[in-house]
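Subject: Structure handover

Hi,

Here is the structure I promised you. Please open it and keep it on screen while you read.

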Amino acid sequence: MFDSITIIGGLDKSGLPELLNEVTIKKGESLSVVGFTGSGKSQLIRDIENLAQHDTITKRQILADGIAPEYKYRRNPEFKIVSHLSQTMNYVLDMECAEFLKLRAECRNIANNTDRILNVANSLCGEAILLDMPLTRLSGGQSRALMIADTAINADSSIILIDEIENAGIDKNEAMKVLTGSNKIIIVVTHDPLLALAADKRIVMKNGGMCSLYSTNENEKLLYLELKKMSEFIMDSQRKIRNGEVL
């Protein structure tokens, strides 16, 4: 739908202009948002989700393809261009997974990719999600895995926002691989150095403001590979322990 978004800086918590005034992310690129707790990461993604037009506490503006998006993209769910995968996700519908995914496809007027979505979701979590499993029986990790797979494969949204995917109880490395392969704009809030370096760029937040922007350099890409090996070893150990094996 859109090929890029631009974040125009506003004000930090002290009411001063943000040090980083403008950031553009293009389709197919990923951006991590890092900073200490309370630094303003969550507010930044709320501004992006709401396509802020100087009308939030930060006074930021979000442009789509270089211009202010039409009102319908901000307020009409039918034209929503941002998907936000939050830290907590629970279903309230009394419906089986297959029926739910089929209904979502019908609402979007697209092909039913239920089997593909379920296969991807099950690559992210330990206990398999079954077609006839009620949504309300899914764990938090299973719920998030299902929505990550559905968003990556079926969502019309140009932008995917992910809040601390490392806390989801799923395979974070595989989840990022799935999402970054979707040819969308991926923005992930994280405290995990592995996920921060997995992105093409990263914004550093301080005192409620964007203060710096980095592109992942060659040294960091090598460090990422080392961190990935460590992460895979830890995750493999977790799987073995959960499976009742002795290390």
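Below are my notes on a sheet, a loop residue and a hairpin.

One thing first: this is a predicted model.

**The sheet**
Start with the open sheet of three strands. Its order is β2-β1-β4, and the pairing is antiparallel. Strands β2 (22–26) and β4 (61–64) stand at the edges. Each has a single partner strand, so one side of each has no neighbour in the sheet. On average, neighbouring strands here are turned by 15° against each other, direction ignored. Now look at β1, which covers residues 4–8. Four bridges link β1 to β4, in the antiparallel sense. To find the pairing on screen, go to I8: it stands opposite Q61 in β4. As background, strands of a sheet pair through backbone hydrogen bonds, either parallel or antiparallel.

**The loop residue**
Next, find T56. It sits in the loop between α1 (41–49) and β4. Is T56 buried or exposed? Its relative accessibility is 16%. Buried means under 20%, so T56 counts as buried. What does T56 touch, leaving aside its neighbours within four places in sequence? The answer is Q43 and D47. With D47 there is also a polar contact, side chain to side chain, at 3.0 Å.

**The hairpin**
Last, go to β8 (residues 201–206) and β9 (residues 209–215). These strands pair in the antiparallel sense over six bridges. M205 stands opposite M210 in β9. The two strands form a hairpin, with two residues between them.

Best wishes

Conventions. Residues numbered from 1 in each chain as written. Predicted model: local features only at pLDDT ≥ 70, side-chain atom pairs only at ≥ 80, totals over all residues. Heavy atoms only, no water. Pairing = 2+ DSSP bridges. Axes fitted to C-alpha atoms, helices over the stretch in contact; angles between N-to-C directions. Buried < 20%, exposed > 50% of the residue type's maximum accessible area, 1.4 Å probe, protein only. Polar contact = N/O pair within 3.5 Å; in protein donor to acceptor, adjacent residues only side chain to side chain. Contact = heavy atoms within 4.5 Å.
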